[in-house]
Amino acid sequence: MNAHPLIFSFFRDATGGAEMNAGTTGSLFLDWLLAGTVIAAIIYFILCNLRPLLLSALGLGAVAVGLGLVFLALVGLATGGLAIYENNKTKQCQTVYERVARARDAPADYFGDQMRRDADAEQASCNDLAARLAARAK
């Protein structure tokens, strides 16, 4: 122990020569008496305030259930939105080959180049969607 010798000898003398452990009174009887008193005080507090404690527990439970329902609704909304998006994108991708062919036949000017870039990006997006749907089907 790194304590000063005078302080250490004071605790040894106060406990009748026995070293004191942290968190104890030095007497087993006093330790149990103090623990019993604290437990009795906690039980007394609970019994005296039972109704407010139950009401606050009920309130916390209601808040927890409410937050759970909000989370469930958000998950359902996100899942439904994703399903609608994939359905619309799948329908759009069924005719992408027509737009790609029309873009390839466009003249070699600014608007034709822009149409080809857009058609290529749409084709890549459709390829990604097809790969995701194929992976999910496995």
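The largest nonpolar core has seven residues: Cys93, Val96, Val100, Ala103, Ala119, Cys126 and Leu129. A nonpolar core here is a set of buried Ala, Val, Leu, Ile, Met, Phe, Trp, Tyr and Cys residues joined through side-chain atoms within 4.5 Å. Helices α4 and α5 each supply at least two residues of this core. Buried means under 20% relative accessible area, exposed means over 50%, and partly exposed lies in between (1.4 Å probe, protein chains only).

This is a predicted model, in which local features need pLDDT of at least 70 and side-chain atom pairs count only at pLDDT 80 or more, while totals for chains, interfaces and linings use all residues. Residues are numbered from 1 along each chain as its sequence is written, and side-chain values use heavy atoms, leaving out hydrogens and water.

**The chain overall**

The protein chain has five helices and zero strands. Its elements run α-α-α-α-α from the N terminus on. Helices (H or I, at least four residues) and strands (E, at least two) are DSSP runs, numbered from the N terminus. Of the 138 residues in the protein chain, 9% count as buried. Contact means heavy atoms within 4.5 Å. Among contacts in the protein chain with a separation of 6 or more, 35% come from residues 24 or more positions apart.

**Helix α3**

Helix α3 has 44 residues. From its first C-alpha to its last, α3 reaches 64 Å, close to the 64 Å expected at 1.5 Å a residue. That expected span is 1.5 Å times one less than the number of residues. The buried residues of α3 are Glu86, Lys89 and Cys93. They pack against α4 and α5.

**Helix α4**

Helix α4 covers residues 96–104, and Val96, Val100 and Ala103 are buried there. These three span an arc of only 65° around the axis, so they sit on the same side of α4. The arc is taken from the directions from the helix axis to the C-beta atoms. Tyr97 and Arg102 are exposed on the other side of α4. The cover over the buried residues of α4 includes α3 (50–93) and α5 (110–137).

Val96 touches Glu122, Gln123 and Cys126, not counting residues up to four places away in sequence. Glu98 also lies in helix α4. Glu98 and Ala119 are 21 residues apart in sequence, and their C-alpha atoms are 9.7 Å apart in space.

| Residue | Relative accessibility | Class |
|---|---|---|
| Glu98 | 39% | partly exposed |
| Cys48 | 45% | partly exposed |

**The disulfide**

A disulfide is a covalent bond between the sulfur atoms of two cysteines. The structure holds one disulfide (a pair of cysteine sulfur atoms within 2.5 Å). Cys93 and Cys126 form this disulfide, with their sulfur atoms 2.0 Å apart. The pair links distant parts of the chain, 33 residues apart: Cys93 is in helix α3 and Cys126 is in helix α5. The torsion about the S-S bond of Cys93 and Cys126 is about -90°, so the disulfide is left-handed. Both Cys93 and Cys126 are buried. Both also belong to the largest nonpolar core.

**The aromatic pair**

A search of the whole structure finds one aromatic pair. Tyr110 and Phe111 form this edge-to-face pair, 5.3 Å centre to centre, with 80° between the planes. Rings of Phe, Tyr and Trp (its six-membered ring) pair if their centres lie within 6.5 Å; planes under 30 degrees apart count as stacked, over 60 as edge-to-face and the rest as tilted. Tyr110 and Phe111 are both exposed.
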